[in-house]
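Here is a short briefing on one protein model. Look over the sequence and the structure first, then read the points below.

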Amino acid sequence: MPNPPTTALDASNYPGGKKSLSGISLRAFLIGTTLGLSVSLTLILVLLTSTPLWRVPFFLAALSVFHFLEYYVTAAYNTRHASVSAFLLSSNGWAYNAAHLSAVAECLLGWGLWPTSSYFAWTGAVGGVKVQVVVGVALMVLGQVVRTVAMAQAGSNFNHTVQVERKDGHMLVSHGVYAVLRHPSYFGFFWWGMGTQLVLGNAVCLAGYAVVLWKFFHSRIIREERFLVAFFGEEYEKYRKRTWVGIPGIR
């Protein structure tokens, strides 16, 4: 009996391709492993010790969730763009990874140099919990939820890179979270980043993240909106007037 006809696999799905199945599975495995180990270590340090260093594995766990959701939401709601780069593990460039390494380094250095000082607790406690930790976690949750929901609601209209040409089917999304925030994914990442540094207790990186992220999103929004005005004309101009960005100093 003859074998049934088979459909050739897209070349991009092979190792080294943009949508390499082996590359996707490897990254998913590494993210999952990091998340499991980080959550376990966080719980051990919180429950069995008094060290503030639980904040480092907590940060790594949050990073793991962030990068997993970047790919998962893309795959679920914008499947055509579910490439290896959608994880955002390396596609953001060396500065992105250097920023996270700096955050971990500052936290560890602060504990190593001032283990009994208030470096990790530069605000007062409420009910035994430091205020900046509570605020930081709240900002992280807010930022992650808004960014994830925004990506899902935008669907095929969302892209990790600024689009310079209007593709077929590209629509102006103005419902859901987009009815209030013009660039909710940027809003989400900015405040998520601020929250991580509050939780870590990083005074230097908090200031550094604020400046770098503000400058990045400010220039990116200006550039992106030039194309959006070209794509949608008066429709986008009206939309821009009734929405806000949600990042201080950027209108």
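Asn-202 sits in the loop between α5 (184-200) and α6 (203-232). The model is predicted.

**Asn-202 and its contacts**
- Asn-202 has a relative accessibility of 0%, so Asn-202 counts as buried.
- The side chain of Asn-202 makes a polar contact of 3.0 Å with the side chain of Gln-197.
- A polar atom of the Asn-202 side chain also lies 3.4 Å from the backbone nitrogen of Cys-107.

**The cysteines**
- Cys-107 counts as buried because its relative accessibility is 0%.
- Cys-205 counts as buried too, because its relative accessibility is 10%, and buried means under 20%.
- How many disulfides are there? The count comes to zero.
- Cys-107 is in no disulfide, and the nearest cysteine sulfur, that of Cys-205, is 9.7 Å away. A disulfide needs the two sulfur atoms within 2.5 Å.
- Cys-205 is likewise in no disulfide, with the sulfur of Cys-107 as its nearest cysteine sulfur, at 9.7 Å.

**A nonpolar surface patch**
- Val-39, Leu-41, Leu-43, Ile-44, Val-46, Leu-47 and Leu-48 make a nonpolar surface patch of about 680 Å².
- Val-46, one of these residues, is found in helix α1 (residues 21-48).
- Is Val-46 buried, exposed or partly exposed? Val-46 counts as partly exposed because its relative accessibility is 44%, which falls between the cut-offs of 20% and 50%.

Technical notes:
Residues numbered from 1 in each chain as written. Predicted model: local features only at pLDDT ≥ 70, side-chain atom pairs only at ≥ 80, totals over all residues. Heavy atoms only, no water. Patch = residues over 30% accessible without salt bridge, like charges linked within 9 Å, V, L, I, M, F, W, Y side chains within 5 Å. Areas by Shrake-Rupley, 256 points an atom, 1.4 Å probe, with all protein chains shown as cover. Salt bridge = Lys/Arg side-chain N within 4 Å of Asp/Glu carboxyl O. Helix = DSSP H or I, 4+ residues; strand = E, 2+ residues; numbered from the N terminus. Buried < 20%, exposed > 50% of the residue type's maximum accessible area, 1.4 Å probe, protein only. Polar contact = N/O pair within 3.5 Å; in protein donor to acceptor, adjacent residues only side chain to side chain.
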